[in-house]
Structures are given as structure tokens and as C-alpha cells.
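Colleague: I have a new model open and want to learn how to read it. Where do we start?

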Amino acid sequence: MRANLARIEELTQRLTEALAHRDPPRQSLQAPDSDLFMHAATAYWTEMVKQPSKALEQQLEYWGKALKHHVEAQEVLRKGKLVAPEDNTSDDRRFANPLWKSHPYFNYLKQQYLIATEALHHTVQSLDSIPEREKRRLAYFTQQITDMMAPTNFLATNPDALMKAVETEGESLVRGLENLVRDIEAHKGELQVTLADKDAFTVGENIATTPGKVVFRNRMFELIQYTPTTEKVYRTPLIIFPPWINKFYVMDLKPQNSLIKWIVDQGYTLFVVSWVNPDASYADVGMDTYVEEGYLEAIRVAREITKEKQVNVIGYCIAGTTLSMVLALMNKRKDKSVRSATFFTTLTDFSDQGEIGVFLEDDFVDGIEAECADKGYLGSSFMSQTFSYLRSNDLIYGPAIRSYMMGEAPPAFDLLYWNGDGTNLPGRMCVEYLRGLCQNDRFAAETFRICGEDVNISEVKHPLCAIACETDHIAAWRSSFRGISKMGSRDKTFVLSQSGHVAGIINPPSKKKYGHYTGEAPSGVPEDWLESATFNEGSWWPHWEEWLRRRSGAQVPARIAGDSEYEALCDAPGTYVVSSKNDAMS
């Protein structure tokens, strides 16, 4: 006990010091504009005045359920039984402990919380006088508030944490405080829960280990050419452009699920772009820069190394969005350097932004623009937190409970390690992307200005294959479908994978985990396409590889990395992926 009290005193001092050095965050990046809730409150009272019976019905429904449960709980106790009343609430992973059903105290908290949550969401959905887009935002942030206030998130009302504290004689709470202080110190006063054991992985040693060489480097990217594992390879080389929001090695976490290794093993000459992690000196880097010094340069270098006139290309997420504009630009310039294109979870039509759209209104985007103007870049932590809040129970509250209340160490999970290894975004590029594409939908609805040309989605004429993911919360598959259907290519293939933004893509055939849908070329209504599509067991990788093989030419002797003009600079995964020069700023 004495030792624990001494540790608590020391940790409290460290916590106080860390919080004292905290830079006040920009308020516009922390929450939506207060007008959102003011409009909702005004709408509620206006509708109540106009339709008092509607408001009365809502109130009576809530109080009826709450009081009924209260009376039932009291009646059971009055009979001398220390048990909970009948519980007909739906299953919820947060309340997996049996005590939430059997113990009168915890069951009472759970049922009252769920009744109140249901009433709040019903009230929001019944507001008729606010626009549907605003209602979706209100529903999302209401969900965030109710998730935050769940009884599982507080020590006094979490049976798992209380039981662990008793079992360990308080040691779990001390370890939890240590974890809390560590996270706050690591993020300079900000609270960001660590999702994975950062000491369990080293890039290039036990993740991102597929052999290859960096054969080119400029200020924007390193180009990795992977070592062949077959005697012959298909003539047309393949280039992967990963998103520059995260590091490329999500496609090379370990040999068993490495998309990069799998592609090489199928007999392709594979190049992968590894983007730089920008700092304030990249403030003026825009979409043009990524196109000219990134995409077009990588394509040029790969063609020169392989002595081929054409390459096949892949764009993942935001890199796919930009790739589509590159293809439209190449079409205008009559540049035939690309033979075919593949898009992974790519949005090009932003008329329906999906779940991420709640963060794409002016209140947040104005804040991002101000942040970029001040610093020259948008720090990686903002994007990481934003995506985490789309799955807050899984990526924020659940990990926080395990770390801070249960005193558990973060798991050695490679995917979560990668998820926490983000990159900054150049200020100019970030604003151009958010304003021009996400908010104004210029590429699909009008034209987007890139490298001196006005391009439109219909000018993408290359043979293409698009893979979307059924439960993707970042790039909604229906929006992806609509964008692909608007492209001008006469050769289109659309594949819908089960699961989400990452798991649906990183789905090796050996696991036989998630299936996929295939069907006619994308056109019309997404739901109609899905209804007529064929479901296939297992990974989409072999289906796509068959498509790619038909567009990759005859086989030639395997190529070693680089040539006399492009000598190997270092081994894969390169230096940009592990560069720490920006870490202090992000």
C-alpha cells in the first residue's frame, strides 16, 4: 500500500507537469460549431409549440419506460431478492460482463442508460424542420455524446474495472494511472490512448520485410522496386500509390497477409511509392506537386528502369482519388504511359460523403484551414483522431478502459501499430482537397484544375478495376460505385469486398475470411447492382490478379531492382517510412 501511494504521488506530479506544458488546442477542431445544437434546440421548441402532442408523446414514452423499469427493479428488491428485473435489452459488446444482466445495481444503470439513449436518438430523428444533412450531423454527434457517457466509461460503474481492482489490491489502478500519464506525456499534454505496443514492432525487421530496393528518391517520395521471386515476370510493371495519410506498409505487415509479397509471388515487377512525411517546409505543396513530382515522376522512372512504354497502376483511398485525376490529365495530354488502373476504396464522387461527411462542413474545414495557415501542415494526430471517432467504442473508449481502468498493456497488434503511424498533410494540398473535392465535388460535378488543365471524371478512359468494401466507414462503397460509373472507360470492373476500409483490402486468400461480390460493369443504382451480383467465397485477390494478368503482357525474364542509371539507394522499406524528423511536430 505504501509503495503504491508513493507511485501515485510521483505519477500525479508527472501528470501535473505534462498538463502544464499542454498547448491549447484549436477549438474549431475539437467539436462542431455550437450553431448545430442551437438550431436543433430551436427546431425542437418550435415543433413542440406547433405540435405539443408530439413532444408530449415523446416525453411520455421516455418517462413511461424509465419509470416502468424503476418500479420493476424496486419490486424485485422489495421481495428480498438481490437480482435484476427482466432484461429485454439488445446485446451490446460494452455490456458483456454477466453482472450487467444479473446484478441489480449494474443492470439498473445499463437499462436506464439505454432507455435515455434511445429517447435522445428518437428525438433527433423526429425533428422535421431541419435539413437532412444537418440531421445526420446532429445524430452523429448525439451518438458521440451518448457513447462517451456510457456507464462502462467510469470506474464506479464498470464492474470489470472494479473486480480487477479488488483482485489486484489496487495494482491495476496504479498501472492504469501509469498508462494514462505515459500517453499524456507522449502527446505533450493531449490525451490520446495508445492502441498498440510500440516496442513490439520495428519497421523493416518484423513488419514491412518484403525484400526490395529504393531505386529513386526526390522530396516527395521514395520508389521501391521489390525483388522478384519468380524466374519470369509479366512484361508490364505495376506501381502502387498508397495514401499519404498513412504509411504504405499496411500492405506489407507480415508475410502471411502481405499484399505486396503476394503480388510479387504472382510474377509481377512491383514498384511501391513511399511518401515523405511533410513538415512546415512543405506548406506550399499542393495537388499539382503530388501529381507532377509524385505520380508522373514515379511512372516515368518505372518505365525507364524496365524499358517499357506502359505501366499498370493502383491507387488506394486518397491516392486513388488523385490517380483518377492523373488519368484524366494524361488523357488530355494524350499520354499513353498507363495501360490499366486499379482503385482500392476510392472516392471520386463526393455528392454523398458517407460517415466522414460529418467532419466536412465549414466549421471543421475552416478550422483545418486556419491550422494549416498557422503551421504549414495538418498534424497526423488530427486525422488519426477523426477516423478513430468514426468507431469510437472500438478505437477510443474500449482501449481507454483496458489501459486506464484495467491497467492492461497495449496489445502487440501490427495493424493497430500501423494505424498509429500516421503522417502530416501539407497545408495547401489539404485545403485544396477538402474545398475542391470533398466540399464542392468539382472533379465529378464540374471540373478540377490540375497542372494547368481542367479535368473531369468522364475523361478517365483507361481500363479499370475498382475494389470497394461493404462496411467501409471512410470511403462508402455506394459513393465509390457512383464515381466509377461516371468514368469514361468502356472497360470497367467493380468488386465489392466484405468488411471495411483496411480489412476488406488486406484479405489474403490463405485466410478464407471475407468474401466478395462481382457483377456487371458499374452503372445505375448501387443497390440494384448488388442485388444482381454474384457472391464469391474468399478473397478478391485472385479474381483481380486474373483481370490484371490479361493487361500485363507476355512473360519476360525477372528483373533485378534498378539499373545502371537508377542504382539501389538502400534496402526496402527505405528511409521515408521510418523518418522521425517530423515526429515532434505531429
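Modeller: Start inside. This is a predicted model. Its largest nonpolar core has 99 residues. Leu223, Ile239, Phe241, Trp244, Val313, Phe343 and Phe443 touch the most other members.

Colleague: Which helix gives the most to this core?

Modeller: Helix α10, residues 287-306, with 10 residues.

Colleague: What does Trp244 touch, not counting residues up to four places away in sequence?

Modeller: Its contacts include Trp275, Tyr290, Tyr295 and Ile318. Thr423, Asn424, Leu425 and Met429 are also among them.

Colleague: And the second core, what does it include?

Modeller: That core is separate and has 49 residues. Leu270, Tyr316, Tyr417 and Trp540 belong to it.

Colleague: Now helices. How do I read the span of α5?

Modeller: Compare the end-to-end distance with the one expected at 1.5 Å a residue. Helix α5, residues 104-125, reaches 31 Å from its first C-alpha to its last.

Colleague: Which residues of α5 are buried?

Modeller: Among them are Phe106, Lys110, Tyr113, Leu114, Ile115, His121 and Val124. The cover over the buried residues of α5 includes α3, α4, α6 and α7.

Colleague: How do I read the crossing of α13 and α14?

Modeller: Take the angle between the axes. Angles of 65 to 115 degrees count as roughly perpendicular. The axes of α13 (380-389) and α14 (392-405) cross at roughly 105° and come within 6 Å. The two helices are therefore roughly perpendicular to each other.

Colleague: Which residues make the contact?

Modeller: Phe387, Ser388 and Tyr389 from α13 meet Ser392, Leu395, Ile396 and Tyr397 from α14. Five are nonpolar, two polar and none charged.

How values were computed:
Residues numbered from 1 in each chain as written. Predicted model: local features only at pLDDT ≥ 70, side-chain atom pairs only at ≥ 80, totals over all residues. Heavy atoms only, no water. Axes fitted to C-alpha atoms, helices over the stretch in contact; angles between N-to-C directions. Helix = DSSP H or I, 4+ residues; strand = E, 2+ residues; numbered from the N terminus. Parallel < 35°, antiparallel > 145°, perpendicular 65-115°, else oblique. Contact = heavy atoms within 4.5 Å. Nonpolar A, V, L, I, M, F, W, Y, C, P; charged D, E, K, R; others polar. Core = buried A, V, L, I, M, F, W, Y, C linked by side-chain atoms within 4.5 Å. Buried < 20%, exposed > 50% of the residue type's maximum accessible area, 1.4 Å probe, protein only. Expected span 1.5 Å × (residues − 1).
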